[in-house]
Amino acid sequence: MSRSFAGQSRIGPEDQASIVVRFLDVMRVVLARYGGHIARALGGHILVLFGTARTHESDPELAIRAALEIRQEAAKLGTSAGIGIST
């Protein structure tokens, strides 16, 4: 059984899994660039922290920049990412 996945026409579970894996790989690269790290992942939800290993005054700005880049990269993969930021 196939279903819609983040704006894509019907794709199968294997294709969905492939998109998720590619997205997580891209996300790790972006987070490394901005000093964030994945603290917890559960299902489709991922908690990313900034400023835990080393605190910077610019951590909130870095989180916003990372979020914007992650959304751009998700669009390139044909999917989307809902992102919330708390400071």
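View 1. With a relative accessibility of 19%, E73 counts as buried, because the cut-off for a buried residue is under 20% relative accessible area. The model shown here, as in every view below, is predicted. When its neighbours within four places in sequence are left aside, E73 is in contact with V26 and V30. The view also includes M27, whose C-alpha atom is separated by 8.2 Å from that of E73. Along the chain, E73 and M27 are 46 residues apart.

**View 2. The packing of helix α1 with helix α2.** Helix α1 covers residues 13-34 and helix α2 covers residues 59-76. The two helices pack at an angle of about 155°, and their axes are 10 Å apart. How is α1 oriented relative to α2, roughly parallel or roughly antiparallel? The angle makes α1 roughly antiparallel to α2, because angles over 145 degrees count as roughly antiparallel. The crossing in which α1 passes α2 is right-handed.

**View 3. The residues that form the contact between α1 and α2.** On the side of α1, the contact is made by F23, V26, M27, V30, L31, R33 and Y34. On the side of α2, the contributing residues are L62, R65, A66, E69, I70, E73 and A74. Which classes of residue make up this contact of α1 with α2? Ten of the residues are nonpolar, four are charged and none is polar. E73, which counts as buried at 19% relative accessibility, is one of the residues that α2 brings to the contact.

**View 4. E69 and its salt bridge to R33.** E69 is placed in helix α2. Is E69 buried or exposed? E69 is buried, its relative accessible area being 16%, and the cut-off for a buried residue is under 20%. Not counting residues up to four places away in sequence, E69 touches V30, R33 and Y34. With R33, the side chain of E69 meets in a salt bridge, at 2.1 Å from N to O. This pair links distant parts of the chain, since E69 lies in helix α2 and R33 in helix α1, 36 residues apart. R33 is partly exposed, with a relative accessible area of 49%, whereas E69 counts as buried.

**View 5. The salt bridge between D25 and R28 in helix α1.** A search of the whole structure finds four salt bridges, and one of the pairs that meet in a salt bridge is D25 with R28. The distance from N to O is 3.6 Å. D25 and R28 both lie in helix α1, where three residues, or about one turn of the helix, separate them. How accessible are the two partners? D25 counts as partly exposed at 43% relative accessibility, and R28 is partly exposed with a relative accessible area of 47%.

**View 6. The salt bridge between K76 and E73 in helix α2.** The side chains of K76 and E73 meet in a salt bridge, with 3.2 Å from N to O. Both residues lie in helix α2, three residues apart, about one turn of the helix. K76 counts as exposed, at 64% relative accessibility, because exposed means over 50%.

How values were computed: Residues numbered from 1 in each chain as written. Predicted model: local features only at pLDDT ≥ 70, side-chain atom pairs only at ≥ 80, totals over all residues. Heavy atoms only, no water. Axes fitted to C-alpha atoms, helices over the stretch in contact; angles between N-to-C directions. Helix = DSSP H or I, 4+ residues; strand = E, 2+ residues; numbered from the N terminus. Parallel < 35°, antiparallel > 145°, perpendicular 65-115°, else oblique. Left-handed = near helix turned anticlockwise from the far one by under 90°. Contact = heavy atoms within 4.5 Å. Nonpolar A, V, L, I, M, F, W, Y, C, P; charged D, E, K, R; others polar. Buried < 20%, exposed > 50% of the residue type's maximum accessible area, 1.4 Å probe, protein only.
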